[in-house]
Amino acid sequence: MSDVGPPYAGRVALVTGSRRGIGRMIAEHVLAHGGRVVGFARGESTIDHPDHTHVQVDVADPASVQRGFAELKQVTDAVHIVVNNAAVLTSQYSMIMPPAAAAAMVDTNLLGAFMVSREAAKLMRRSGWGRIVNISSMAVGLEPIGDSLYAASKAGLTTMGNVMAKELAPLGVTVNTLGVSAIATDMLAQLPQDKVDAVVAGLPLPRYAEPDDVLNVLDFFCSERSSYVTAQTVYLGGVH
Amino acid sequence: MLDHAAVQDIVLRALESLNDERAADDRFVVGPQTRLFGADAALDSLDLVSVIVDVEEAVSAAAGRTVMLTDDRAMSQEVSPFTDVAALTAYVLSLPELA
């Protein structure tokens with residue numbers, strides 16, 4: 001396999017939350033570079049490509065994840081790359097955060113990534129090669145008001161990923177986390193523009209992230225040459 | 001319908017598969033009494049995980065439905081179903097989804 005260019009040719013990537021935003025961007029990137037994509041999302045597919053298979057899965061529901069993998073195994077017996085991107089965000093003061101919204105963030109952002117990773121790892125162990133990338137957020141480092149549980153769920157991805165990195169290292173599987181800064185997505189559009197602008201202005205690199213900023217780190221984590229890179233978290237924009 | 005012999009065969013094949021990956025002088029005796037877990041077990045923790053996943057996959061394939069061996073039922077058993085081959089075989093056969 002070539003070490004030049006994005007490392008997706010011949011690989012099967014499972015991308016959660018693949019219908020829109022960062023997930024769709026990543027799925028289309030993998031497809032554009034010769035990879036095959038299985039997308040997990042609650043709604044209908046938004047990607048029309050011969051190498052894309054969409055499976056309607058709610059990652060917050062372990063039974064739905066199990067069914068999703070059963071369906072996935074109908075079209076492929078291998079998963080080489082997992083991008084745990086599916087996430088929900090409700091930004092609200094803790095004292096008035098609806099409990100259901102709080103639970104949804106933990107179930108989708110953290111438990112969902114766990115369930116998908118563990119099922120994918122069972123397939124990765126057969127080939128002795130795998131890359132799991134968890135999509136985290138600048139909220140972990142910035143700890144913005146209103147994002148108590150969102151930030152905690154994303155921080156949990158790093159801890160979870162680091163432990164899984166140890167468990168899966170003997171199987172040739174790396175687990176890393178990519179902390180994305182503000183980037184134009186539907187999720188970001190939920191937040192007041194002036195507040196996001198102020199946060200971005202305070203970053204060491206005070207600009208919004210571009211798609212290539214995300215894809216650059218994703219490519220690095222997924223590359224053949226990154227077999228010695230695991231349990232790492234990279235934040236964009238200078239957040240830490 | 002999976003019977004005792006079929007399930008035990010699945011467990012033994014999972015162990016033999018594990019043995020195949022080991023050096024000749026590191027292999028263990030595979031049989032109905034092989035210990036899977038505990039101080040005198042021949043398997044380390046990752047080996048046991050590998051065996052459980054292999055058995056889960058094979059049982060699911062044979063049953064035509066997803067079977068999970070590590071849910072709350074397994075954890076609440078008085079005697080761990082992962083003690084030895086016989087215990088794991090008996091536990092698989094006790095699962096209501098295989099009835």
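A residue counts as buried under 20% relative accessible area, exposed over 50%, and partly exposed in between, using a 1.4 Å probe and protein chains only. This structure is a predicted model, in which local features need pLDDT of at least 70 and side-chain atom pairs count only at pLDDT 80 or more, while totals for chains, interfaces and linings use all residues. Residues are numbered from 1 along each chain as its sequence is written, chains are lettered from A and ligands numbered from 1 in the order in which they are written, and side-chain values use heavy atoms, with hydrogens and water left out.

Start with A:Glu143. This residue is exposed, with a relative accessible area of 62%. A:Glu143 sits in the loop between helix 4 (139-142) and helix 5 (148-168) of chain A. Helices (H or I, at least four residues) and strands (E, at least two) are DSSP runs, numbered from the N terminus. The phi of A:Glu143 is near 45°, a positive value in a residue other than glycine. Most residues other than glycine have a negative phi. A:Ala231 also has a positive phi, of about 60°, although it is not a glycine. A:Ala231 belongs to the loop between helix 8 and strand 7 of chain A. With a relative accessible area of 26%, A:Ala231 is partly exposed.

Now turn to the strands of chain A. Strand 5 covers residues 130-137, and eight of its eight residues are buried. In a regular strand the side chains alternate between the two faces of the sheet. Both faces of strand 5 of chain A are covered. On one side lie A:Gly130, A:Ile132, A:Asn134 and A:Ser136, all buried. On the other lie A:Arg131, A:Val133, A:Ile135 and A:Ser137, buried too.

Which way do strand 4 and strand 5 of chain A run? They run parallel, and four bridges join strand 4 (residues 81-84) to strand 5. Two strands pair if DSSP finds at least two bridges between them. A:Val82 stands opposite A:Ile132 in strand 5 of chain A. A:Ile132 is also touched by A:Ser117, as are A:Asn84, A:Asn134 and A:Met164, not counting residues up to four places away in sequence. Here touching means contact, with heavy atoms within 4.5 Å. A:Ser117 is found in helix 3 (residues 99-127) of chain A. Its relative accessible area is 0%, so A:Ser117 is buried.

Strand 2 of chain A (residues 36-41) is mostly covered, with five of its six residues buried. Strand 1 and strand 2 of chain A pair in the parallel sense over five bridges. A:Thr16 stands opposite A:Phe40 in strand 2 of chain A.

Charged pairs come next. Side chains of opposite charge can pair when their charged atoms come close. A salt bridge is a side-chain nitrogen of Lys or Arg within 4 Å of a carboxyl oxygen of Asp or Glu. The count comes to 15 salt bridges over all chains. A:Glu224 forms one with A:Arg11, the closest N and O atoms being 2.8 Å apart. A:Glu224 lies in the loop between helix 8 (211-222) and strand 7 (233-235) of chain A, and A:Arg11 in the segment before strand 1 (12-16), so the pair ties together parts that are 213 residues apart in sequence. A:Glu224 is partly exposed at 30% relative accessibility, whereas A:Arg11 is buried at 11%.

A:Asp213 and A:Arg207 meet in another salt bridge (2.8 Å, N to O). A:Asp213 is partly exposed at 22%, and A:Arg207 is partly exposed at 45%. In chain B, B:Arg73 forms a salt bridge with B:Asp71, the closest N and O atoms being 2.8 Å apart. B:Arg73 is partly exposed at 27% relative accessibility, and B:Asp71 is partly exposed at 21%. Salt bridges that share partners also join A:Arg118, A:Glu119, A:Lys122 and B:Glu56 into one network.

Last comes the interface. The contact takes eight residues from chain B and seven residues from chain A. About 690 Å² is buried between the two chains, and carbon and sulfur atoms give 46% of it. Buried area is the accessible area (1.4 Å probe) that two parts lose on being put together, summed over both. B:Leu46, B:Glu57 and B:Met68 supply 55% of the area that chain B buries against chain A, more than any other three residues. The rule finds four salt bridges across this interface. A:Arg126 forms a salt bridge with B:Glu57, the closest N and O atoms being 3.0 Å apart.
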